There are 2 protein chains.
Amino acid sequence: MTMPALPGVSAHCRKMSSVLSIVGDKWTVMIVMVLIERPRRFNDLKRTIGGISQQMLTRTLKALERDGMVSRTVHPTVPPQVEYALTELGYSLSEPLRALGAWAGAHIEKIGENRLRYDGSGAPTSTSPLPLPR
Amino acid sequence: MTMPALPGVSAHCRKMSSVLSIVGDKWTVMIVMVLIERPRRFNDLKRTIGGISQQMLTRTLKALERDGMVSRTVHPTVPPQVEYALTELGYSLSEPLRALGAWAGAHIEKIGENRLRYDGSGAPTSTSPLPLPR
DNA sequence: CGGAATCCCGCTGGATACTG
DNA sequence: CAGTATCCAGCGGGATTCCG
């Protein structure tokens with residue numbers, strides 16, 4: 001609850017924490033990335049992403065719809081079909097996201113090496129930090 | 001090595017989940033953003049960020065050091081001084097992070113409006129989705 | 001098929017106290 | 001000052017089941 005009176009830093013912090021509540025979410029990013037290609041239906045998304053529970057898919061899609069990042073279109077056919085697509089806002093987010101993806105592609109291997117080297121030399125395996133994703 | 005049937009989607013997913021384990025972390029991003037300005041000492045970081053426990057600061061810094069994103073320099077003075085600074089890798093991450101920050105600055109208000117409108121019209125407040133940060 | 005509601009476990013991460 | 005070690009509450013999120 002401490003309020004440092006630094007306009008520069010804390011302003012950035014506020015913005016970042018705002019965007020982090022969106023971007024920091026694993027599934028949110030996944031969904032946006034997948035929807036860049038083309039609109040998808042619910043189970044199509046579920047299958048494409050793989051590893052997401054329908055609960056989290058529903059929640060995340062609803063949050064994204066709430067934020068105006070994706071549109072939800074219901075086709076009143078016999079088996080109900082619901083299509084999700086990125087809005088303009090959603091697309092705009094995909095751009096910095098792509099930048100992040102590019103950074104990952106360029107540096108993720110290096111990071112893997114760094115971790116191996118760090119763990120190799122007198123590594124305090126103690127409260128093991130961020131696990132290396134595979 | 002890699003690459004089953006869908007090189008496009010699943011490849012991106014893998015990259016993204018890797019980078020998300022870094023970027024998705026609130027404190028990691030905070031620390032990197034703060035260290036962009038200049039190197040800082042432990043308690044300096046703690047004070048500047050504000051709201052982080054020293055435990056999380058220690059953990060996150062160690063993880064960043066492990067990844068080769070920040071350097072840790074110990075000055076063997078009477079009260080021990082430890083300076084943390086971004087490495088080249090850390091700086092390179094700060095660029096896409098800035099892009100994200102810029103996106104946030106440009107669209108975060110619009111998102112706030114969208115949420116209000118969505119909540120206003122027949123909003124299922126049920127398992128309330130992502131909370132609106134203030 | 002798309003989605004809501006319940007249950008429940010595990011890990012994240014905060015508070016606190018101790019050490020070099 | 002910098003860091004470690006415990007303890008523990010909260011909630012993120014998976015599995016399952018039921019509805020329109």
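DNA strand C is surrounded by 20 residues, the closest being F42(A), N43(A), R72(A), Y84(A) and M56(B); a residue is near the strand if one of its heavy atoms lies within 4 Å of it. This is a predicted model, in which local features need pLDDT of at least 70, side-chain atom pairs count only at pLDDT 80 or more, and totals for chains, interfaces and linings use all residues. Side-chain values use heavy atoms, with hydrogens and water left out, and residues are numbered from 1 along each chain as its sequence is written.

**Surface near DNA strand C**

- In chain A, α3 (42–49), α4 (54–66) and β3 (81–86) each supply at least two residues of this surface, as does α4 (54–66) of chain B; helices (H or I, at least four residues) and strands (E, at least two) are DSSP runs, numbered from the N terminus.

- The side chain of R72(A) places an N or O atom 2.5 Å from a phosphate oxygen, where a polar contact is a pair of N or O atoms within 3.5 Å.
- For Y84(A), the distance from a polar side-chain atom to a phosphate oxygen is 2.7 Å.
- For R41(A), the corresponding distance is 3.1 Å.

**Relation of the two chains**

- The same surface serves both copies, since 94% of the contact residues of chain A (heavy atoms within 4.5 Å) recur in chain B.

Technical notes:
Chains are lettered from A and ligands numbered from 1 in the order in which they are written. A polar contact is a pair of N or O atoms within 3.5 Å; within protein, one must be able to donate a hydrogen and the other to accept it, and residues adjacent in sequence count only if both atoms are side-chain atoms.
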